[in-house]
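Thanks for coming. I will go through a few local features of one structure, beginning with a loop.

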Amino acid sequence: MNPRLPYLRDKTSKLTSSPGVYIMKNKKSDIIYIGKAKNLRNRVSSYFRENPDHTPKVAAMVSNVHDYDFIVTDSEYEALVLECSLIKQHKPKYNILLKDDKGYHYIRISDEEYPRITNEKNTKQSGRYLGPYTSGFITKEAVSEANRVFMLPTCHKRFPQDFGKGRPCLNYHIKTCMGVCRGKISKSDYNNAIEQAVDFIRSGSAQSVERMEAEMNEAAENLEFEKAAMLRDRIAAVKKAAEKQKIVNSGVDSADIIGIAEYYEGVYVSVLMYRENRLFDKAVFEFEKSDDGDLLEQFMQNFYYGKEDVPKTVIIDHLPESAKLITEMMEKQSGRKVKLHVPQKGRQLELLKLAKNNSAEYAAIQNDRTGKEVIALEQLAKSLGLSKPPRYIEAYDISNLSSESMVAGMVVFEDGRPLKKAYKRFTVKELQLQNDYGSMHEVLKRRLMHIVDQEGDEYFRRTPDLILLDGGKGHVNAVAPILRELGLDIPLFGMVKDNKHRTRAIATGGREIQINNMRSVFDLVTRIQDEVHRYSVAFMHSRHKKSTYNSELLSVKGIGEKKAAKIMMKYKTRANLLQATPQELAVTAGVSENVAMELYNVLHADEIN
């Protein structure tokens, strides 16, 4: 608890309701957090209220606040711009820190007589540079495509020193290199090809073709047919590359596509940057989850403030509350119209999914999981209305043969994967007749009491993020009262199967949520349902076999429950028991040879018959 809270609450009660920026400071007067507000008093008071519901990060920040300053602005837009500026200037500890997955990358045009185009991680060498780019993959692909299309040399020969030394390499013969080593390409023609390649990298295929076509026509008019033919072939190569790009990236001119994946306390954002109908660059960022507003809104404010290369369109999965303010900021920086677009169908929606998958894959790498698992848990949380992805899921199923061997199985999935050491088995004790609802009620009450009393092993004492029951709304309604009675706030749902015993939907107490249109969620729930069913049925069969085994022993006169228990303890399985001689049975059970022989005959009755 922060001892300064009474002072901070009193100060905040007198704060203006105007828009502005607040600046939190610690004991040393270091700035630890900066935020904006439409209403300063309402926003700042939310940090210091009684019984706050803060995330661990915000709670840690509040505990370190000694005092705060504020700056009143005339509008919410001014507050947004000022907040972005101050965050970039001071880099407060508790604000979102955008962390690239890699350093910057560049495309270098060397300053030799016959320049080369290469991708580099820094600008230490002399020459011209394009960039910086955030994606090493994009720079590598752009350089490779430009060198291939314009038939530029990628070997280690030096020009003009190595002219005529040896025969041209394979690249010349397969027409991926113009063969500068032959000494037949003039310096001016070569440098012209370099500039065309640079133009291709910078502006894309459409403008490059337009310029080269004008150059080709001029060469033809001047009767420079060899040059015109070379340009014709180069134009064809560029168009071929463009066709390949259009198949993959059709319908996007100048746009950023932002995909977000949440994984517990982490948020991962992927930005796919398209310029001139092609993927120009990609960036992936990571930051801690905060309860201080919309994640997308916070990211866009940080990412686009002060950015020169603003696209015409930003494709996102929803419009943040401050969409108009963010658009206004981007338009003032770029000097033109900018559109924030939420696609509902078509190619742009597919690209949005691609960006989200990129974020999920990065989150998976950082957390030793697969991208599919990250997306499945995130989508499961959204479909069920949970505040965060369920990290620890318990699932239950009842299994029986009529009213015999009534049991239940509990399986646990942690981070989307089975945690088998946490599995539990239950024998239904209170019911004598088959009753799935009653059995589920009994089993869940026994299990949940371990949470209330904090008894049992670490897994029994742990509170799950989600409970799933193999059954519909009837099972949910049978268990929900227990949660209310024990004061436990645990999301509870049922897993509904169709008449072919396949997962169909998720049940609440009164309705069903269809999940077959969300592949990753459907696959995860199906895995959980199949696993808990397998586990409970296996336990039921083992109980039934044990019960049959025990009944067989007790059918022999002279063998009671204690002697039967000795035999079962000694031999454990029927196969082992069948190997025992009458004399060994007599010693183990402590019975006469006559009783042992009768037992032996009962056990081997099938062989005798």
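**Loops, a buried strand and a charged patch**

Ser29 sits in the loop between β1 (20–25) and β2 (31–37). Helices (H or I, at least four residues) and strands (E, at least two) are DSSP runs, numbered from the N terminus. Before going on: this is a predicted model, where local features need pLDDT of at least 70 and side-chain atom pairs count only at pLDDT 80 or more, while totals for chains, interfaces and linings use all residues. Residues are numbered from 1 along each chain as its sequence is written, and side-chain values use heavy atoms, with hydrogens and water left out.

Back to Ser29. Its phi is positive, about 70°, although Ser29 is not a glycine. Most residues other than glycine have a negative phi, and most peptide bonds are trans. Ser29 counts as exposed because its relative accessibility is 52%; buried means under 20% relative accessible area, exposed over 50%, and partly exposed in between (1.4 Å probe, protein chains only).

Lys91 also has a positive phi, near 50°, and is not a glycine. Lys91 is in the loop between α4 (76–90) and β4 (99–100). With a relative accessible area of 60%, Lys91 is exposed.

Next, a peptide bond. Which form does the bond from Phe159 to Pro160 take? It is cis, with omega near 5°. Pro160 belongs to the loop between α5 (136–149) and α6 (170–173).

Now the strand β17 (residues 466–470). Is β17 enclosed or open? 5 of its 5 residues are buried, so β17 is largely enclosed by the rest of the structure. Leu466, Leu468 and Asp470 point one way from β17, Ile467 and Leu469 point the other way, and all are buried. β17 runs parallel to strand β18 (residues 492–497), and 4 bridges join them; two strands pair if DSSP finds at least two bridges between them. Asp470 has Met495 as its bridge partner in β18.

On the surface, Asp189, Glu218, Glu221, Glu224 and Glu226 gather in a patch of negative charge. Patch residues have over 30% relative accessible area and no salt bridge, with like charges joined within 9 Å and nonpolar side chains (Val, Leu, Ile, Met, Phe, Trp, Tyr) within 5 Å. A salt bridge is a side-chain nitrogen of Lys or Arg within 4 Å of a carboxyl oxygen of Asp or Glu. Glu221, one of the patch residues, is in helix α8 (residues 205–221). Glu221 counts as exposed because its relative accessibility is 65%.

Methods
Areas by Shrake-Rupley, 256 points an atom, 1.4 Å probe, with all protein chains shown as cover. Lys, Arg positive; Asp, Glu negative; His and termini not counted. Charge placed at Lys NZ, Arg CZ, Asp CG, Glu CD.
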